[in-house]
Amino acid sequence: MKRRLIIASAILAACAAQWAGAQESDARKLATQVCSSCHGPRGESVSSAFPRLATQKADYVDAQLKAFRDRTRADPMAQAYMWGMASQLDDATIKSLAAYYAAQKPVHGRATNAKLAQAGKAIYDAGVPGANPQPCGTCHGKDGEGNGVYPRLAGQHAEYLVKQLVVFKSALRTDSNAAIMHDISSGMSFEQMESVAAYLASR
């Protein structure tokens with residue numbers, strides 16, 4: 001009996017490994033053949049209209065894809081692009097896609113306006129002067145590397161970051177992090193948004 005249990009356990013383990021491998025393969029195929037149209041085959045989007053996903057935190061990608069699928073993230077770009085794309089994804093596929101992007105090499109940014117980036121660094125490190133004293137790094141990490149459901153921001157397109165800050169400030173995003181970001185962005189001017197975005201894009 002013990003021998004049979006050992007054999008059965010081994011068979012189940014092999015089946016689980018095969019299923020996991022198939023899920024990983026399916027996620028890679030989906031990412032490189034479908035998602036790549038906007039985000040690039042490894043999440044290294046070249047268009048600022050679409051975020052870079054390479055090295056993005058798996059928990060964040062997982063949460064956002066589910067928010068798109070459930071239509072709880074309802075900003076204009078989400079409705080235009082991601083509602084339809086995510087509607088047919090099950091939890092297992094979402095988890096595998098999130099793991100795929102998290103495993104990719106990061107896209108390192110470059111500074112295009114050193115003075116603007118320096119002003120942005122001051123806000124990122126110390127918070128918005130006279131409005132919100134909480135440093136951005138409290139949630140997003142000292143170097144913008146992200147933390148769990150809080151996304152990686154380092155190396156992201158500056159234009160995309162500004163657009164998201166504007167959406168948060170306007171309360172057009174209603175997903176899990178929206179309330180926090182609405183409070184923070186409400187105290188930011190457009191120029192401050194641009195400076196923080198320039199700093200993060202340079203990382």
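The legends below walk through several close-up views of a predicted model.

Local features are described only where pLDDT is at least 70 and side-chain atom pairs only at pLDDT 80 or more, while totals for chains, interfaces and linings use all residues. Residues are numbered from 1 along each chain as its sequence is written, and side-chain values use heavy atoms, with hydrogens and water left out.

**View 1**
Helices (H or I, at least four residues) and strands (E, at least two) are DSSP runs, numbered from the N terminus. Read from the N terminus on, the elements run α-α-α-α-α-α-α-α-α. The protein chain has 203 residues, of which 39% count as buried. Here, buried means under 20% relative accessible area, exposed means over 50%, and partly exposed lies in between (1.4 Å probe, protein chains only). Contact means heavy atoms within 4.5 Å. Among the contacts with a separation of 6 or more, 68% join residues 24 or more positions apart.

**View 2. Helix α2 covers residues 58-70.**
This helix has 13 residues and reaches 18 Å from its first C-alpha to its last, close to the 18 Å expected at 1.5 Å a residue. The expected span is 1.5 Å times one less than the number of residues. Which residues of α2 are buried? They are Y60, V61, D62, Q64, L65, A67 and F68. What covers these buried residues includes α3 (76-86) and α4 (91-102).

**View 3. Helices α2 and α3 pack at an angle of about 95°.**
Two packed helices are described by the angle between their axes and the distance between the axes. The axes of α2 and α3 are 7 Å apart. Axes are lines fitted to C-alpha atoms, for helices over the stretch in contact, and angles run from 0 to 180 degrees between N-to-C directions. Angles under 35 degrees count as roughly parallel, over 145 as roughly antiparallel, 65 to 115 as roughly perpendicular and the rest as oblique. The helices α2 and α3 are therefore roughly perpendicular to each other. In this contact, α2 supplies L65, F68 and R69, and α3 supplies A78, M82, W83 and A86. Sorted by class, the contact of α2 with α3 has six nonpolar, no polar and one charged residues. Ala, Val, Leu, Ile, Met, Phe, Trp, Tyr, Cys and Pro count as nonpolar, Asp, Glu, Lys and Arg as charged, and the others, Gly among them, as polar.

**View 4. Helix α7 has 12 residues.**
At 1.5 Å a residue α7 should span 16 Å, and its end C-alpha atoms are 17 Å apart, which agrees. Buried in α7 are Y160, L161, V162, Q164, L165, V167 and F168. What covers these buried residues includes α8 and α9 (190-201).

**View 5. Helices α7 and α8 cross at roughly 95°.**
Their axes come within 8 Å. That makes α7 roughly perpendicular to α8. In α7, L165, F168 and K169 meet A178, M181, H182 and S185 in α8. The residues of this contact divide into four nonpolar, two polar and one charged.

**View 6. R173 lies in the loop between α7 (158-169) and α8 (178-185).**
Is R173 buried or exposed? With a relative accessible area of 5%, R173 is buried. A polar contact is a pair of N or O atoms within 3.5 Å; within protein, one must be able to donate a hydrogen and the other to accept it, and residues adjacent in sequence count only if both atoms are side-chain atoms. The side chain of R173 makes such a contact with the side chain of Q164 (2.8 Å), and another with the side chain of D175 (2.9 Å). Leaving aside neighbours within four places in sequence, R173 is in contact with residues including Y60, Q64, R73 and D75.

**View 7. R71 and A171 each have a positive phi.**
Most residues other than glycine have a negative phi. R71 follows α2 and sits in the loop between α2 and α3. Phi of R71 is about 65°, although R71 is not a glycine. Phi of A171 is near 60°. With a relative accessible area of 45%, A171 is partly exposed.

**View 8. G141 is placed in the loop between α6 (137-140) and α7.**
At 8% relative accessibility, G141 counts as buried. Not counting residues up to four places away in sequence, G141 touches Y124 and C136. The C-alpha atoms of G141 and A154 are separated by 9.6 Å, and these residues are 13 residues apart along the chain.
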